[in-house]
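Student: I have a model open and would like to go through it piece by piece. Can we start with the strands?

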Amino acid sequence: MQKNRLLTVALDASDSLVAAIDRLSLSPRQKLAGAVAGVFLTAVVGALATVDGSSASVNAHAVVEKLAVEPVVLGDPTDASFWYQESFNRGDTFGTLLARLQVSNIDAARVVGNAGVSRLLRKLRPGTSVRAEVSRVGELQQMEFITADDRLARIVLADGKLSTSEKALQLTREVVARSTVVRSRLLADVQGAGVPATVAQQISQAFSGSIDVSSTLVRGDRVAALYEVFYFEGQLVRAGRLLAAEVSHAGQTHRALWFDGGNVRGYYNPQGQSMQVGLRRVPLDFARVNSGYGSRLDASGQQWVAHKGIDFGAPIGTPVRATGDGVVDFAGWQNGYGNVVVIRHPGDYTTLYAHLSQFSSGSRTGLRIGQGDTIGFVGQTGWATGPHLHYELRHHGAYMNPLSAALPSGLDLPARQQAQVQVQAKALFAQLDAARQSTAVALVD
Ligand SMILES: [Zn+2]
């Protein structure tokens, strides 16, 4: 049986239809179905759509780009309720989130004070989409979101009583291909083309040994990616792994694919050679260099002092990633450095990450850590004038410039596995090529 559900989205006069539909979080297939059926929002605050999505069947209306807001009553005005959907943002409190979800009639402190509710809310991460059913008079009836470990967390408020529940979800996996032409900044451009930030970060990491995609790419360069996405009841829950990517820059095409050979896994080029380096140069996905290696003026501006690392500017809370596989040598507080992590790598390399706001759970002395693992988050603890990451690299105890030093390279695969990569590459890049040439709505070009 097909289940119709009321999805609502607030529209304003300057809102485009596409943006509004995006906020309804329909899958590309549903968007396509909607567009083909010529279906959409009446000039309403609500739109009916089939959540399990085989055929969207709603009042047929012409598709228009701009929609004027005109409240329309659907059904009995006294007991109608609406579902609203909003993203939980960094800096949000439960109260500000509720306000955006159109909940006005509530004692937020009482809700948060409930032990079960506060336990669930601790799982709410920035960027998570939250849905709430709200009565016509602004009372919260229920709210739900999907946790980082793919569980549906729900808070229900009925007859003044709060209850909570959590259950594991069966997610549907799909593989999506998208490509875009770089206009200004890579991150903004690929996100504008609908590529999730986590996928953009994986693209950046996959090529980090050969091309710095966040700073090298220029207008007119092309980026294409094939990656996993996970849906629950037709709603996009999260992106998964980047499976293949292609970057065209200065007349050259760089290709990378994910290979999982059991004992080894990582990004390889289509010939089966490792794209990874033993140590990456930069511990952040997207960063600018605030202060380079060597010497710089001290705070008074009077004296040159040695700077034995690189300062990367990034907002507080940006994940800091281990630049190579290794073991945590130290994670704790040191004067000047503030919260600092030191990792010991094979070949007698050590890396140091300072001024962190927080450590990740894997950042404990003695624990193994993998390249790209989050070890903590950018902050300004210790002697730091603003939020930044101070990063140091040493080889046999001697300081080196992480941006220019010769770094150890990753291991190549045995011949048998190289051949497996080559077979997979053929299939994946054929898919990517086909996607680029198709005119499907799911592909943005
Ligand atoms: Zn520094």
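Student: How many bridges join strand E4 to strand E5, and which way do the two run?
Tutor: Five bridges join E4 (residues 129-135) to E5 (residues 140-146), and the strands run antiparallel. Strands (E, at least two residues) and helices (H or I, at least four) are DSSP runs, numbered from the N terminus. Two strands pair if DSSP finds at least two bridges between them. Residues are numbered from 1 along each chain as its sequence is written. This is a predicted model, so local features need pLDDT of at least 70 and side-chain atom pairs count only at pLDDT 80 or more, while totals for chains, interfaces and linings use all residues.

Student: Which residue in E5 is the bridge partner of Val 130?
Tutor: Phe 145 is the bridge partner of Val 130.

Student: What is the strand order in the open sheet with E4 and E5?
Tutor: The order is E3-E4-E5-E6-E7, five strands with antiparallel pairing. E3 (81-87) and E7 (161-168) are the edge strands, each pairing on one side only. Neighbouring strands are turned by 15 degrees against each other on average, direction ignored. Axes here are lines fitted to C-alpha atoms, for helices over the stretch in contact, and angles run from 0 to 180 degrees between N-to-C directions.

Student: What holds strands of a sheet together in general?
Tutor: Strands of a sheet pair through backbone hydrogen bonds, either parallel or antiparallel.

Student: Now the sheet with E8 in it. What is the order there?
Tutor: That open sheet also has its order by number, E8-E9-E10-E11-E12, with antiparallel pairing. Its edge strands are E8 and E12. The twist averages 25 degrees from one strand to the next. Within the sheet, E9 and E10 pair over ten bridges, and Phe 230 has Arg 238 in E10 as its bridge partner.

Student: Which helix packs on that sheet?
Tutor: H7 does, touching E9, E10, E11 and E12, and its direction makes about 35 degrees with that of E10. Touching, or contact, means that the C-beta atoms of two residues, placed from the backbone, lie within 7 Å.

Student: Is H7 largely enclosed or open, and why?
Tutor: H7 (residues 197-206) is largely enclosed by the rest of the structure, because seven of its ten residues are buried. A residue is buried if 20 or more other C-beta atoms lie within 10 Å of its own, exposed if 12 or fewer, and partly exposed in between. The buried residues of H7 include Val 199, Gln 202, Ile 203 and Ala 206.

Student: Which residues have the most contacts inside the largest nonpolar core?
Tutor: They are Ile 203, Ala 225, Leu 242, Ala 245 and Leu 257, in a core of 34 residues. A nonpolar core is a set of buried Ala, Val, Leu, Ile, Met, Phe, Trp, Tyr and Cys residues joined through C-beta atoms within 7 Å. H7, E10 and helix H9 (415-437) are among the elements that each supply at least two residues of this core. A second, separate core of 26 residues includes Val 341, Leu 352, Val 378 and Leu 389.

Student: What does Leu 242 touch?
Tutor: Its contacts include Val 199, Ile 203, Ala 225 and Trp 258, not counting residues up to four places away in sequence.

Student: Where is the pLDDT below 50?
Tutor: The mean pLDDT, the predictor's confidence in each residue from 0 to 100, is 77 for the protein chain. Over residues 1-73 the pLDDT is below 50, and over residues 439-445 it stays under 50. Where pLDDT is low, the predicted coordinates should not be read in detail.
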